[in-house]
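Thanks for passing this one along.

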Amino acid sequence: MNRYFKPSIFFLSLLPFLIIVYKIYFNQLGPEPVKEITHHTGEWTLIFICLTLAMSPLKRLTNLTIWIKFRRMLGLFVFFYATIHLLTYVGIDYRFNWTPIFDDVLKKKYIFIGFAAWLLLIPLVITSSQRMMRLLKHNWRLLHKSIYLIAIFGALHYIWLSKTIFFKPLIFAIIIIILFLFRFNYRKYNN
Ligand code: HEM
């Protein structure tokens with residue numbers, strides 16, 4: 001039974017991508033197609049960050065180690081959706097016109113912090129294998145703690161870019177804070 005879990009989680013994680021491909025193919029993106037793709041991929045990046053962070057608390061709450069087996073895959077999906085999100089902006093929105101892109105990164109704080117979050121994901125992806133885990137030993141844990149910083153950057157990115165609708169970005173920020181507190185409390189009572 002357990003061997004079906006991972007492929008199922010993989011397929012479920014791929015669904016948001018398949019949905020956007022379907023919408024592109026059948027012209028169902030609405031009046032602002034680029035905005036719709038940016039919105040879809042941006043939100044799913046943040047959802048996958050929350051899911052990745054939720055695996056350790058779930059392990060503790062349920063006393064089941066299976067959650068940890070999904071963590072790496074979910075983390076890689078964070079990068080997958082963040083990269084499509086970035087490519088939509090760089091490739092479709094700006095058609096790889098680098099000057100205004102660099103201008104945006106320097107002048108708009110929400111672009112700057114989003115880009116910083118994406119850059120911070122790269123070392124995590126490169127070191128995500130079991131082999132790298134063994135090679136880096138305790139430094140691996142230290143490095144992978146940056147997922148918390150990435151989560152804060154992702155939430156700030158959403159808050160800063162939302163001029164009027166604050167509800168959704170705040171919900172994400174609250175979920176991330178709760179997941180942080182879980183971690184903090186666990187440390188406090190287990191040291
Ligand atoms: C971990 C990294 C990132 C996360 C979690 C993230 C998340 C989000 C979210 C949730 C939205 C709001 C979608 C909406 O409601 O319309 C968004 C929008 C956006 N993001 Fe990101 N993002 C990330 C990285 C980036 C990067 C690297 C760039 C480009 C350099 C970028 C550029 C944008 C743009 C241009 C928008 C649309 C702004 C608008 O509607 O005016 N994001 N992102």
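1. Ground rules. This is a predicted model, where local features need pLDDT of at least 70, side-chain atom pairs count only at pLDDT 80 or more, and totals for chains, interfaces and linings use all residues. Residues are numbered from 1 along each chain as its sequence is written.

2. Fold. You'll find 9 helices and 0 strands, and from the N terminus the order is simply α-α-α-α-α-α-α-α-α. Helices here are DSSP runs of H or I with at least four residues, strands are runs of E with at least two, and both are numbered from the N terminus.

3. Overall shape. The C-alpha trace spans about 50 × 40 × 35 Å along its principal axes.

4. Contacts. Of the contacts with a separation of 6 or more, 64% join residues 24 or more positions apart. A contact means C-beta atoms, placed from the backbone, within 7 Å.

5. Ligand shell. There are 21 residues around the ligand, and His39, Gly42, Gly114, Ala117 and Gly154 come nearest (near means a C-beta atom, placed from the backbone, within 6 Å of the molecule). The elements giving two or more residues are α2 (33–62), α3 (66–93), α5 (109–126) and α8 (146–161), and α2 gives the most, with 7.

6. Core. The largest nonpolar core has 22 residues, and Phe48, Ile49, Val78, Tyr81, Ala117, Leu121 and Ile150 touch the most other members. Two or more residues come from each of α2, α3, α5 and α8, with α3 giving the most, 6 residues. Such a core is a set of buried Ala, Val, Leu, Ile, Met, Phe, Trp, Tyr and Cys residues joined through C-beta atoms within 7 Å. Beyond its neighbours within four places in sequence, Ile49 is in contact with Val78, Ile150, Ala151 and Gly154.

7. Burial. Of the 191 residues, 20% count as buried (20 or more other C-beta atoms within 10 Å of a residue's own; exposed is 12 or fewer, partly exposed in between, with C-beta atoms placed from the backbone). Tyr22, in helix α1 (residues 5–25), is exposed because it has 10 other C-beta atoms within 10 Å.

Note on methods:
Two residues are in contact if their C-beta atoms, placed from the backbone, lie within 7 Å.
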